[in-house]
Amino acid sequence: MPEIAGTEAADIVIVGGGPVGSALALALRDSGLRIVLLEARTASGGDARPLALSYGSRLILERLGVWTALAGAATPIRNIHVSQRGGFGRVGLSAAEAGFPELGYVVDYGRVAQALAQAVAKTSVQCLTGARVTATHGDDPARVVYEYAGEQREFSAALVVVADGGAAGESVTETIDYQQSAVTARVVSERPHNNIAYERFTARGPLALLPDGENKGEGWALVWTTTPDHARRLCTMAPEIFLTELRAAFGGRAGDFSAVSGRAAYPLQRRRAQPAADHIVLIGNAAQTLHPVAGQGFNLGLRDAWELAEQVNSRSVAVLGSRAWLQDYQARRRVDRGAGIGFTHALVELFSNEVLPLRLIRGTGLALLGCMPPLKNFLIRRMTFGARG
Ligand SMILES: Cc1cc2nc3c(=O)[nH]c(=O)nc-3n(C[C@H](O)[C@H](O)[C@H](O)COP(=O)(O)OP(=O)(O)OC[C@H]3O[C@@H](n4cnc5c(N)ncnc54)[C@H](O)[C@@H]3O)c2cc1C
């Protein structure tokens, strides 16, 4: 084993400078603590997966001071239309009905990650890019071993926050392989998007068509969940064949599709993890990885980060990372995390099954939801602000 070149001390070490780790670093910028962020990559950006941010996430990003940098790249969602292919029942959700200015916003993952990373770089947080964490030890203080500039180094800290997106795969308590992949792409259609997001449930999985860019641009961001084999073919087939398949799956609500670009596939799993050691906490995808069907993963992770920072900022540093401190945090996040994970999984189960009674139940459910404004508003509030205990 290579020798450790040196050990430094910090109060909090954040492992992973993706959108959730960076949001935490920003939320802790005025804590007066020594915060270190270790990110394996050397540059952010490059991942064009569309993220649907809730209105609640916008409010957090505003408080973090990054919304202004993102607003120009964010396309508002004012209406959501949900339907199932080959079945009756549909429901429309609207911002005006729910009493919100907007239901959400569509922004590229890369833009969000970059805006947050740039904001962190302007704070006193020590941010090391190209620093790959190879081990975390939950002692008191905890230790983080990382590789940087060809050397093994180490930080000790009262609290280590793992926000690596689940890359280390440590402390995983549950994995469900959905046997599905999500294909993301940009598509162009005949009609302007009018800030409507479509969610269409098909036999192979849900297909989301999200408004992307200026309304006159007729651009959409596509998230098409399907079998892994079909996803591979969708990414490599000729564009005109792709568009023919898309027409068949989505129908004519957006008019005819004329172009596709930037196809990429992501395998889908649900994963939950819980740290087995003191002085270590997991947030964002490191704690829970969700199916993208309800667009909840980052929104939930952002609330993980925000609430962790609130707890750090409101408690004595003397108890930071202690067992009781960590248990308080887990208790604080239990209801919101449980609701987000449960709701997302229920949608996948209910809408990925072509058994006739289920199709009828789905249709009836969608039709009923459409006639029950209080239930619709409850659903929108939950998806906007999360669940409270
Ligand atoms: C197709 C698709 C569509 C999605 N759509 C939505 C949506 O509409 N709305 C929504 O809210 N969510 C959505 N999500 C989920 C969302 O992308 C994730 O929840 C979010 O990216 C989690 O952020 P994170 O920072 O926790 O993890 P990540 O984004 O995975 O970032 C982890 C960071 O840690 C770094 N890292 C990893 N290992 C190490 C190491 N050993 N040392 C140092 N650094 C390390 C990585 O380089 C990376 O920068 C979608 C996901 C997919 C796949």
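Biologist: Why is A43 called exposed?

Modeller: Exposed means over 50% relative accessible area, buried means under 20%, and partly exposed lies in between, with a 1.4 Å probe and protein chains only. A43 has 53% relative accessibility, so A43 counts as exposed. Please keep in mind that this is a predicted model, in which local features need pLDDT of at least 70, side-chain atom pairs count only at pLDDT 80 or more, and totals for chains, interfaces and linings use all residues. Residues are numbered from 1 along each chain as its sequence is written, and side-chain values use heavy atoms, with hydrogens and water left out.

Biologist: Where is A43 found?

Modeller: A43 sits in the loop between strand 2 and strand 3; strands are DSSP runs of E with at least two residues, helices are runs of H or I with at least four, and both are numbered from the N terminus.

Biologist: What makes Q288 buried or exposed?

Modeller: Q288 is at 3% relative accessibility, which is under the limit for buried, so Q288 counts as buried. Its place is in strand 18 (residues 288-289).

Biologist: How do you know that the side chains of Q288 and R337 make a polar contact?

Modeller: A polar contact is a pair of N or O atoms within 3.5 Å; within protein, one must be able to donate a hydrogen and the other to accept it, and residues adjacent in sequence count only if both atoms are side-chain atoms. The side chains of Q288 and R337 have such a contact at 3.1 Å.

Biologist: What makes up the shell around the ligand?

Modeller: Of the 32 residues around the ligand, E39, R49, A52, Y109 and N285 come nearest, where near means that a heavy atom of the residue lies within 4 Å. The shell has 16 nonpolar, eleven polar and five charged residues. Here Ala, Val, Leu, Ile, Met, Phe, Trp, Tyr, Cys and Pro count as nonpolar, Asp, Glu, Lys and Arg as charged, and the others, Gly among them, as polar.

Biologist: What makes a space a cavity or a pocket?

Modeller: On a 1 Å grid over the protein atoms alone, a cavity is a set of points where a 1.4 Å probe fits but cannot get out, while a pocket is an open set with protein on both sides within 12 Å along at least five of seven lines; lining residues have an atom within 4 Å of a point. The structure holds one cavity of 30 Å³ or more, and the largest cavity has about 40 Å³ of space, counted as the space filled by probe spheres set on the points, which are joined across faces, edges and corners. Strand 14 gives three residues to its lining, the largest share.

Biologist: Which residues lie nearest the centre of the second largest pocket?

Modeller: R272, A273, Q274, Q330 and R337 do, out of 13 lining residues, and the pocket's volume is about 270 Å³.
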